[in-house]
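I open this notebook to record what I looked up in the structure shown here. The entries follow the order in which I consulted it.

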Amino acid sequence: MPDTILVVAEQREGKLNRVSWETVTAGQALASQTGWTLEAAVVGSGISGIASEVASRKAAKVYAVESPKLEPYTPDAFAFALKQFIESKQPKLVLMPHTYQVRDFVPKLATAMGRTVISDCVGYKKEGDKLVFTRQMFQGKLAADVSFGCEPPWFVTFQNGAFRGDKVETGAAAARVETVNVEIGDGVIRNRPQEVFKEAKQAVDLTQAEIIVSVGRGIKEQKNIELARQLAEALGGEIAASRPICDSGWLPMDRQIGSSGQTVAPKLYLALGISGAIQHIVGMKGARTIIAVNKDSEAPIFEIADYAVVGNLFDIVPPLIEEVRKAKATG
Amino acid sequence: MLVFRKPLEGIERPQMPADVIIVGGGAAGMACALRLSQLIDAYNANNPDSQLSKENIYVLEKAREIGQHCLSGALLDPRSIRELIPDFEKEAPIEATVSKEAVYFLTVKSKLKFPVTPPPLRDHGNYVISLNRFVKWLGEKVEAAGITVFTGFAGSELLYGGAANGNRVMGVRTDDKGVDKHNEKKSNFEPGYDLKAKVIILAEGSRGSLTKQLILRFKLDADRNPQTYGQGVKELWEVPAGRIAPGEVIYTMGWPLTSREYGGAWIYGGKDNIVSLGFVTALEYADPRIDPQHVLQEFKKHPFVSALLKGGKMVRYGAKSMPYGGWWSLPSLGGDGWMIVGDSAGFLNSARLKGIHLAIKSGMLAAETAFEALKSGDSSAATLGQFQRNVESSWIKDELWKVRNFHQAFTHGLWPGLLHAGLQQFTGGRGIRNRYPSAPGYTHMKKLAELPADGGAEAPLLGPAKGDARLTFDKLTDLYHSGTKHEEDQPAHLVIQNTDVCNSRCIKEFGSPCQNFCPANVYEMVDDTTEPNGKRISLNPSNCVHCKACDIADPYQIITWVPPEGGGGPNYDGM
């Protein structure tokens, strides 16, 4: 049996991950240099369509590794199915894209087979009979050449963008698709996937806010933030803060205004107990109207404020909230 | 709750072998790398059959770009750079050639010019440079020579092992990246590398953090004078044309310091109407309320200085400590697997206020020793100890020997100091004895109870400067002009051994001097009713300009400065 290269293309929820084409390109280049046979596999449940899509490119054969237990994705099921499949086909080299999913199951798969992975490679070289893979070190400043010291199958993952997916070769005819059913027994899958969720993006985009009520150290205590929040609500604006407040964890980082936070230019910026260090000013000086409340009449914030209120914010804000509410109620 | 940075435990770190690692890409480190490259090139040209490789020689630099953490006055004595690159003037970034020099003694309203410039401060033949630009240029040459500079990587720990009962320096661990405020891995976590090298050269600059570990571990400063330091605070100004000639050099002594504090100012004229000015205050003052950034602000109010700056604009700010101790304060310089060069060792001539030329020379000498180690394959103390002897037979010793007692002479104030320094001039540096003693600067700090409540003569220098936003600036405004930036979500890299000392003792005894000696508002006592004194220490690590003053001046010696995540820090463009 000739040596083979197996590319494991990635699918998620019935869709092919386009980065797989890059890995196929890498596989095709390796196959032509080594003279080994290129095959591909797709793992999942009900994936013959995806397997056919892969088969439209130049490869000797495409396997659809099927089991109902492969959907939804679990690292246990994928590692189990691929181990069984790879042990039966004995490819010399297994290539995968370095995706989150692959990162999740490939260490387990390789360890289960007593092999090793050269991960996140950006290229390869053929030095005589030896295949050498290139990995980046020191944030890309240095490249390390790594080769396998163990018996095949050898596992390699390629970094996103290392090869060009649009350069993938199309074969004279579509490759044959062979379905391989794997039995995944009870007790193999110990993971129970929960609902898929997206990590919440930045919850608030302060740059879009027309009114911002911003608090600084003068607010004294975390519980007093509520006061500013009420004012922001009454005005229909957003709450923000200077660095010390976010640094203390009283408000999330994404509400920090200034050189190490966001830069905003609302119609109205109400600065409560903010002294106005330049680090804060650079983040809000573009506001159309700035109202500053501060006990210290010499606070630098007053130099850029359109309206300066010298006084204790705890005396000023509560009646202000009342007045705003009243004004809004009477429309 | 403060959480401090430390290398994570129980994780697997990538290992990498190396021949030579230079920690710190400043003047000393870059000169060392370049000299090593020259020696290897020459050797390889003569020995076609046994080539030495440069591939495994690395420079670690914590700044994001080469030179971004380099700050100095700066005047360059060209002696060593000329040895390294004979025709350096053709290509090095030089701001001006020194054209005129003067030394003044300032009083509150007037200035007295020294009739003759004291010999150590004669600067003809020297150059005004921006150390930032100069090191950038040197770094380009190092990279062009085929030596890799890892920017954005700090040395966070030394690795020991091997021979000498596991006491050989075997390598350097770089900083862990992607660690959050609570010392937990973030999604972009990348462990530090363990770089195993035959030779480690510490070129971290003043009060290097690895150097400190090494000196403590092996007591490398036993029977030496303790190192003493000055704190330099600098501003770069753009002034109206005609105020100062390019290459004009002015030094001042006296006001605003009293005769009890040691220090002085420099003013250098650069090109394009750029003026470099700064004030060095020795970190050995008695009054814990003194603030070196405030001292610079007061200095600018002198009519002589304010006239120079009037109508100008402050464009950059920075601060850095510098080792003053001189010859008697140098630690052991080489041992099993390691050497120490530049400011990390203390190669600075405090009488001339110059160290760059000594940093370069020490780097070159260390390179020569490292080269011998690469050839022989032996990098034990037997080989690397030779660096010490090479320094002792070089002109570094000639120069430092003559001023070996200079700084110590000022221990008891300006007037006795000038007397002793004058005497030393005529006795080849001896003065009244061969070795004047010294004490660590922080031991001079007095408790508030022993000091006048109103501050006495030092009153104008105490506490935070207010600033008028034109001539003088408060600290945060100055800090803004340092361009300092750090990843905010990381543990504090100012490691305080015991914050109870800050909250219970220091606040009462010394009035929390960390707020004063830090030039970047990193340290802050914030209100906290649960603390016995109503205040609690709070840190703003992302303000840190990496000057190390806290590590040096803290009266309890409980602050250890360690490098934050690589890439963070000031941006000293043009400084």
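**Entry 1: a helix pair in chain A**

I began with helix α3 (residues 75-89) of chain A and helix α4 of chain A, whose axes come within 9 Å and cross at roughly 45°. That makes α3(A) oblique to α4(A), since angles under 35 degrees count as roughly parallel, over 145 as roughly antiparallel, 65 to 115 as roughly perpendicular and the rest as oblique. I noted that axes are lines fitted to C-alpha atoms, for helices over the stretch in contact, with angles running from 0 to 180 degrees between N-to-C directions. Helices (H or I, at least four residues) and strands (E, at least two) are DSSP runs, numbered from the N terminus.

α3(A) passes α4(A) in a right-handed crossing; a crossing is right-handed if the near helix is turned clockwise from the far one by less than a right angle, and left-handed if anticlockwise. From α3(A), the contact draws on A:Pro75, A:Phe78, A:Ala79, A:Leu82 and A:Lys83, and from α4(A) on A:Asp104, A:Phe105, A:Lys108, A:Leu109 and A:Ala112. Residues are in contact if their C-beta atoms, placed from the backbone, lie within 7 Å. By class, this contact of α3(A) with α4(A) has seven nonpolar, no polar and three charged residues. Ala, Val, Leu, Ile, Met, Phe, Trp, Tyr, Cys and Pro count as nonpolar, Asp, Glu, Lys and Arg as charged, and the others, Gly among them, as polar.

**Entry 2: basis of the model**

I recorded that this is a predicted model, in which local features need pLDDT of at least 70 and side-chain atom pairs count only at pLDDT 80 or more, while totals for chains, interfaces and linings use all residues. Residues are numbered from 1 along each chain as its sequence is written, and chains are lettered from A and ligands numbered from 1 in the order in which they are written.

**Entry 3: the sheet of chain A**

In which order do the nine strands of the open sheet of chain A lie? I read β9-β8-β7-β10-β6-β1-β4-β5-β11, with mixed pairing; two strands pair if DSSP finds at least two bridges between them. The edge strands are β9 (142-146) and β11 (176-181) of chain A, and the twist averages 35° from one strand to the next. Strand β5 (residues 61-66) of chain A pairs with β11(A) in the parallel sense over six bridges, and A:Ala64 stands opposite A:Thr179 in β11(A). Helix α4 (residues 100-112) of chain A packs on this sheet and touches β6 (93-97), β7 (117-127) and β10 (154-158) of chain A.

Helix α5 (residues 225-235) of chain A packs against helix α9 (residues 313-330) of chain A at an angle of about 20°, their axes 9 Å apart. That makes α5(A) roughly parallel to α9(A).

**Entry 4: domains and chains**

The domain assignment of chain A, from an automatic or database source, gives domain 1 (4-181) and domain 2 (206-330). Their C-alpha centres lie 54 Å apart. I then turned to chain B: eight residues of chain A are in contact with nine residues of chain B. The chain A side divides into four nonpolar, three polar and one charged.

How values were computed
Two residues are in contact if their C-beta atoms, placed from the backbone, lie within 7 Å.
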